[in-house]
Amino acid sequence: MNILQRLSAIDSIPTLPEVVLRVQAMIASDEGNAVMLSRIIEQDPALSSKVLKVANSSLYGTSQRITSIPIAVTRIGFNEVSHIAIAASLVKKFSRKSNLLDYKQFWRHSLTSAFLTSMVASISCIEFSPSQRQSLFLSGLLHDIGILIYDQFFHKEFEEIIDFALKKEISFLEAEHAIAPRETHAGLGAALLELWKFDQSVTSGVRFHHCPKKAPLKHKSIAAATYFSEYILCNSGLGSFEGLMSNGDKDILDYLQVPQNSLIDYLKQAETEVERSDLVLSFNSSQNSMQLRAV
């Protein structure tokens with residue numbers, strides 16, 4: 001039985017937090033609004049605290065302290081707050097101590113990727129629908145979730161890949177393809193999202209975030225945007241567990257139709273998104289600096 005088959009057979013397979021399920025259902029509903037979102041958040045004191053912390057940050061330039069979740073939703077925006085709620089709830093549930101993986105750095109990378117992937121919709125000439133914009137955030141946030149599954153449920157195999165990478169002095173991504181080409185973290189993550197019944201656009205974004213050209217045509221833009229943000233971050237001071245992504249596919253940039261001047265703004269905005277991620281995760285934003293390299 002391979003890893004993907006073993007995944008579906010695990011009795012203790014993680015389930016999505018209730019807050020995430022409720023927020024997703026609300027977003028999918030035509031009746032979803034700021035009042036409903038505020039009520040969901042107010043039922044979770046820790047989540048409420050995070051939302052208020054972001055709302056009162058210098059990122060939003062507020063001069064008067066916000067103490068109300070409804071006002072915070074108005075100030076930050078419905079989509080932004082729903083993303084914060086989903087991210088904070090997932091981080092809270094899927095974090096642990098590990099001898100192999102730095103979970104703080106993992107989620108910092110993932111959440112920054114989510115914010116940046118969402119931004120692609122505003123700089124690309126491709127038109128993304130409202131539902132696709134939601135998929136962009138989720139694909140960016142969950143693109144490496146398979147690495148967590150490896151660490152938490154297939155630790156022996158995870159150690160084998162890491163040991164091979166160290167022995168051969170190659171990246172985790174290269175070692176993974178050498179040891180488990182049919183069971184990569186991208187495939188494992190996509191399999192988990194299928195068990196969670198995520199929309200196929202998100203599942204495809206995760207499955208093909210390293211090879212967007214292989215994605216189904218209708219989901220190619222989501223996979224391409226996720227790849228693009230991953231490439232930027234992996235070749236910066238906020239790299240992922242996988243290491244550098246050398247020889248980036250410039251065809252993806254052409255496919256996304258990102259103007260060169262927009263790319264420069266995107267790189268600058270990346271630093272702001274790191275700061276935003278640190279706020280949501282309650283990290284010290286000065287612990288790491290970014291040194292971005294252009295594609």
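I number residues from 1 along each chain as its sequence is written. Because the model is predicted, I take local features at pLDDT of at least 70 and side-chain atom pairs at pLDDT 80 or more, with totals for chains, interfaces and linings using all residues, and side-chain values rest on heavy atoms, without hydrogens and water.

**Confidence.** I looked up pLDDT (the predictor's confidence in each residue, from 0 to 100) and found a chain mean of 86, with 91% of the residues at 70 or more.

**Helix 5 and helix 6.** I noted that the axes of helix 5 (residues 69–76) and helix 6 come within 6 Å and cross at roughly 115 degrees; axes are lines fitted to C-alpha atoms over the stretch in contact, with angles from 0 to 180 degrees between N-to-C directions. Ala-72, Val-73 and Ile-76 of helix 5 make the contact (heavy atoms within 4.5 Å) with Phe-78, Glu-80 and Val-81 of helix 6.

**Salt bridges.** I counted six salt bridges, each a side-chain nitrogen of Lys or Arg within 4 Å of a carboxyl oxygen of Asp or Glu. One of them joins Arg-108 and Asp-278 at 2.6 Å, N to O; Arg-108 lies in helix 7 and Asp-278 in helix 16, so the pair ties together parts 170 residues apart in sequence.

**Second largest pocket.** A pocket is an open set of points on a 1 Å grid over the protein atoms alone, where a 1.4 Å probe fits, with protein on both sides within 12 Å along at least five of seven lines, and lining residues have an atom within 4 Å of a point. I found 17 lining residues here, of which Asn-79, His-83, Ser-118, Arg-133 and Gln-134 are the closest to the centre.

Definitions and conventions
Helices (H or I, at least four residues) and strands (E, at least two) are DSSP runs, numbered from the N terminus.
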